[in-house]
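Let's take a friendly look at the pockets of a protein. Have the sequence and the 3D view ready as you read.

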Amino acid sequence: MNKKILNITDLENFIFAKLSNELSPDLSYHGINHTKSVLNCCREYAKRMNISPYNSFLLDTAALMHDTGYLVAFDEHEEKSKEYARELLPHWNYSADEIEQICGMIDATKIPQKPNTTLEQIIADSDLDYLGTDKFYTVGEMLYKELKALKIISMRKEWLRLQVNFLKKHIYHTPFAKRYREPVKLKHLEEIINDLN
């Protein structure tokens, strides 16, 4: 087993500590719990899809890094996350090629999502996994509070319209998510449309 792979726990602790201490309290959705959730979801996909330990390690790293850009800015946070990955990861013995693969995965979480590889599909689906689960409303409420705190939206109706628009455009990429998450997501979409009417 590659020594680096065993080191992922140290990186995990480092990133979690940084997010806990430095993220704005206004980020009720894009906080440490979201990063933990994406990381756990990526690990479930890695098992489900028999991803190799090495590729799982790269996927874990991308999951940890994908929202670190919020430490700097809300807008263009993916670009900031990639900048931070390029600055930080050489100190953790990642090669230039590994860092570019990780940056590709971070890019895959940008809306609208355009993943090109299997690992990019996994992180894209993990990032928005909640849309097709029973956590949809509780997690969605945290995002609503965040967008209100940042003055991106002001009213509940505006939020519902935003949700409808987003859910209509969103697509899942992995076979598992298409089969198990998509139908639940569409049920949520129908419920919100009914609420609006």
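## What counts as a pocket

On a 1 Å grid over the protein atoms alone, a pocket is an open set of points where a 1.4 Å probe fits, with protein on both sides within 12 Å along at least five of seven lines; lining residues have an atom within 4 Å of a point. Grid points are joined across faces, edges and corners, and a volume is the space filled by probe spheres set on the points.

This is a predicted model, in which local features need pLDDT of at least 70 and side-chain atom pairs count only at pLDDT 80 or more, while totals for chains, interfaces and linings use all residues. Residues are numbered from 1 along each chain as its sequence is written, and side-chain values use heavy atoms, leaving out hydrogens and water.

## The second largest pocket

This pocket holds about 370 Å³ of space. Its lining has 21 residues, with Ser37, Val38, Tyr130, Lys135 and Val139 closest to the centre. Two or more lining residues come from each of α3 (32–48), α7 (118–127) and α8; helices here are DSSP runs of H or I, at least four residues long, numbered from the N terminus. The top contributor is α3, with eight residues.

## The largest pocket

The volume of the largest pocket is about 860 Å³. Among its 30 lining residues, His30, Ile111, Leu128, Leu143 and Phe166 lie nearest the centre. At least two lining residues come from each of α5 (77–88), α8 (136–149) and α9 (156–169), and α9 gives the most, with six.
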